Amino acid sequence: MNTEITEQVKKLLASPQKIVVVGHKNPDGDAIGSCLGLSFFLNRLGHKADVIMPNDFPEFLKWLPGCDDIIIHDKDTDKSIETINNANLIFTLDFNALNRAGNMEQFLEDCDAKFVMIDHHQEPDDYAIITYSDVSMSSTCEMVYHFIDAMDELGALCLEVSTHLYTGIMTDTGSFRFPSTTAKTHRVIAHLIEVGANNSQIHENIYDVNSPDRMKLLGVALNNLNIMPEYNTAYITLSQKELDKHNFKKGDTEGFVNYALSIKGVKFAIIFIENKQDNIIKMSLRSKGDFSVNTLAREHYNGGGHTNAAGGRSTLSLSKTISEFISILPKYKNDLTDAS
Ligand SMILES: [Mn+2]
């Protein structure tokens, strides 16, 4: 965080503020971790900070300190609106366009509060008076750590905040293996462990909580795996029928796409998941190296994200989505087969 932004933030937080901390729709570990961590920190500084999420978050995060106090906008809409309208400062974390806030979008646009953005996604919108955006960062949680550091308040780190931030950095870096993981990331992590984060326990809480249904669904997904060696590409499909058969719960397919990416030689992996209720095919895209799934998702799938991880959607049927997908691959053949 540069000195100019630091000075602006210090000014904003010079007196006690009523603050709302917001994460994106379908919050992940980084969104929940960064929002909880920042809110605990702000409360310790004497502010009144509440966390609001547009919709519910996955079960595997429901042990995090303070997670029971998170206001879920879709469930507790009146309370959410009242809290937004009472705030004079709103921090938006782990997203950079208000349409990522789901049904909260309108209320955020209409309120009088000033906005501060902390985020590591590409192409930030300019709704905030302070935009702390850094696409080189592993996670928003790592940025919250640097934010606290810039405020000269690392001494305020506690067991809870170190647990929040560790969780988000761990989940957003695929357990410290993505290229965005730097020496700096590891120094942050080391400090979080020193302050109290129980790293081994956090891994267990997040990763060793699979249901038998989810494991069987993974078996179906792997069985549906298609490999296209001529494009160094692999894709997985899951139909609504297959999801139903295994009592699909939100979050069950999280990470499945990474199995396709783990095949030797594969540079680009994608999973297509049918959602009959919304009449869409949801997809997660992953890549290795320079191949930008962010670009591909923006061009074809009304989505986006990062260079190596993005999301998108299609309104065609599952089979049409796949045949269309196969038809666009030649356009990317050079990028996918570059001997780099
Ligand atoms: Mn993130």
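**A loop residue and its setting**

Tutor: N247 is found in the loop between α10 (240-245) and α11 (256-261); helices (H or I, at least four residues) and strands (E, at least two) are DSSP runs, numbered from the N terminus. The model is a predicted one, in which local features need pLDDT of at least 70, side-chain atom pairs count only at pLDDT 80 or more, and totals for chains, interfaces and linings use all residues. Residues are numbered from 1 along each chain as its sequence is written.

N247 is partly exposed, because 13 other C-beta atoms lie within 10 Å. A residue is buried if 20 or more other C-beta atoms lie within 10 Å of its own, exposed if 12 or fewer, and partly exposed in between, with C-beta atoms placed from the backbone. E160 is 87 residues from N247 along the chain, and 33 Å separate the two C-alpha atoms.

The UniProt annotation "domain: DHHA1", from an unreviewed entry, covers residues 245-316. UniProt positions are given in the numbering used here, feature names are shortened, and annotations may be inferred rather than shown by experiment. The span 245-316 is 21% helix and 33% strand, and its end C-alpha atoms lie 23 Å apart.

Six strands make up an open sheet of mixed pairing, in the order β7-β8-β9-β10-β12-β11; two strands pair if DSSP finds at least two bridges between them. At the edges stand β7 (226-228) and β11 (304-305), each with a single partner strand, so one side of each has no neighbour in the sheet.

Strand β9 (residues 268-275) pairs with strand β8 (residues 233-238) in the parallel sense, over six bridges. T233 stands opposite F268 in β9, while the bridge partner of L238 in β9 is I273. To β10, β9 is joined by eight bridges, and these two strands run antiparallel. Here the partner of F268 is S287 in β10. The hairpin of β9 and β10 has four residues between the strands, and N279 takes a positive phi near 55° in it. Strand β9 is mostly covered, with seven of its eight residues buried.

Helix α12 (residues 293-300) lies across β9, β10 (280-287), β11 and β12 (309-314), and runs at about 15° to β12. Axes are lines fitted to C-alpha atoms, for helices over the stretch in contact, and angles run from 0 to 180 degrees between N-to-C directions. Helix α13 (residues 318-328) lies across β8, β9, β10 and β12, and runs at about 160° to β9.

Six residues of domain 2 are in contact with five residues of domain 1, where contact requires C-beta atoms, placed from the backbone, to lie within 7 Å. On the side of domain 1 that touches domain 2 there are two nonpolar residues, two polar and one charged. Ala, Val, Leu, Ile, Met, Phe, Trp, Tyr, Cys and Pro count as nonpolar, Asp, Glu, Lys and Arg as charged, and the others, Gly among them, as polar.

There is also an annotation over residues 18-169: the unreviewed UniProt entry gives "domain: DDH" for them. The end C-alpha atoms of this span lie 27 Å apart, and 36% of the span is helix and 18% strand. A further open sheet has six strands in the order β3-β2-β1-β4-β5-β6, with parallel pairing. Its edges are β3 (71-72) and β6; each has a single partner strand, so one side of each is left without a neighbour in the sheet. Strand β1 (residues 18-22) and β4 run parallel and are joined by four bridges, and I19 has L89 of β4 as its bridge partner.

Helix α5 (residues 140-150) is mostly covered, with eight of its 11 residues buried; among them are M143, Y145 and F147. The cover over its buried residues includes β4 (89-93), β5 (114-119) and β6 (130-133), together with α2 (29-44), α6 (159-172) and α7 (183-195). Helix α5 lies across β4, β5 and β6, at about 115° to β5. D152 follows α5 and has a positive phi, near 60°.

Terms used:
Contact = placed C-beta atoms within 7 Å.
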